[in-house]
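Subject: Structure handover

Hi,

Here is the structure for your files. My notes follow below it.

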Amino acid sequence: MPSPHPDAPKKVNLALQGGGAHGAFTWGVLDCLLESKKIHIEAISGTSAGAMNAVVAADGLMTGGRQGARDALRRFWTAVSRSAVFSPIQRTPSTRLRGAWNVDDSPGYIFFDLFSRLTSPYQLNPLRFNPLRDLLVAQVDFERVRSCDRVKLFISATSVQNGQVKVFDRRNLTADMVMASACLPHVFQAVTVDGEDYWDGGYAGNPVLYPFAYRTETRDIVIVQINPLACQKTPTDAREILDRVNEITFNASLLSELRAIEFVGRLLDQDALDPERYHKMLIHIIDDPEGFAPLNASSKMNAEEAFLEHLFDMGRRAAGGWLEKNFDRIGRESSVDLRSILHGCADKPQ
């Protein structure tokens, strides 16, 4: 097999997490990677907001290549911000003066948070009103996405009936499948696809990684992390505790897959597995723990333009810094220490 040309772009697979408005960080990451001629995106696995970023990018790739994808992503997130202009969930004047982005003191957020805990969406929203679906349909040509030959897509949702992850095939992808991937059960009624009900994919795969091992050529997986794995202190008030429980829940499936990848890689290093049957996956993470540290869960519902642009800039900086630091590692080795992430420093091999 001939060696690739030294100037040829390096292939990566992208794993995009869900996280409401925080998905604008992923928008910034994608914008940077699409702008770079050094990177070729072979496949994208996305959940919730990550799924929306994935289908918008795929649609744009089909109409205008890399620049088309960047333009499509900007149009989508601009439309999101415009749709939120008259939302009752807004920052209060005091929050704006502090330069903070959380909306947990917003009367609209407090009202919504209370009712979502006391009232089922089947009672609160019996007509299944969901403006995000209308926005998605207006922005994305799903027939074009289904015919996309520029990037592979893996969109995940969680089956309500059996609790297992469902990965939707790009060739049959519909808006309902993407909305199923983004269906928070305390906010929206379950989305029915082919007679089965689904909730947010984050419960069973945020996002799924295993399709990369079977349906792509590249071994490099770049996880765009917007749900923090670690917290700096134990939460003590009710809302902080619930936020942390949700973070742990939405990362559980990802950590499970990373454990399997680390285990297989260790066995391959020890010549305990057949390298013809098993492949060592290389893991990379683009994140910004410091940037996300002051943002609590309420900020995921803040869709004002200034905040989305702030997250976009964070994502571009994080992706640019990652590329500068780790580009040479792509195709050769992981740029993160999985043992440290999964087991803690104390369990690192000596």
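First, a term: buried means under 20% relative accessible area, exposed over 50%, and partly exposed in between (1.4 Å probe, protein chains only). This is a predicted model: local features need pLDDT of at least 70, side-chain atom pairs count only at pLDDT 80 or more, and totals for chains, interfaces and linings use all residues. Residues are numbered from 1 along each chain as its sequence is written, and side-chain values use heavy atoms, with hydrogens and water left out.

Aromatic pairs

Phe 212 has a relative accessible area of 1%, so Phe 212 is buried. Phe 154 counts as buried too, because its relative accessibility is 2%. Rings of Phe, Tyr and Trp (its six-membered ring) pair if their centres lie within 6.5 Å; planes under 30 degrees apart are stacked, over 60 edge-to-face, and the rest tilted. Searching the whole structure gives nine such pairs. In one, the rings of Phe 76 and Trp 77 have centres 5.4 Å apart and planes at 85 degrees, so this pair is edge-to-face. Both Phe 76 and Trp 77 are buried. For Phe 154 and Phe 212, the centres are 5.9 Å apart and the planes at 70 degrees, so that pair is edge-to-face. It links distant parts of the chain: Phe 154 sits in strand β3 (residues 152-159) and Phe 212 in helix α9 (residues 210-215), 58 residues apart. Helices (H or I, at least four residues) and strands (E, at least two) are DSSP runs, numbered from the N terminus. Ring pairs also join Trp 27, Phe 76, Trp 77 and Phe 312 into a cluster.

Helices

The expected span of a helix is 1.5 Å times one less than its number of residues. Helix α1 (residues 23-35) has 13 residues and should span 18 Å; its end C-alpha atoms are 18 Å apart, which agrees. Of those 13 residues, 12 are buried, including Trp 27.

Now α2. A straight helix of 35 residues would span 51 Å, but α2 spans only 16 Å between its end C-alpha atoms. α2 bends by about 135 degrees at Gly 64. The bend is the angle between axes fitted to the seven residues ending at a residue and the seven starting there. Arg 75 is in α2 (residues 49-83). Arg 75 and Val 56 are 19 residues apart in sequence, and their C-alpha atoms are 9.4 Å apart. Arg 75 counts as partly exposed because its relative accessibility is 49%.

Best wishes
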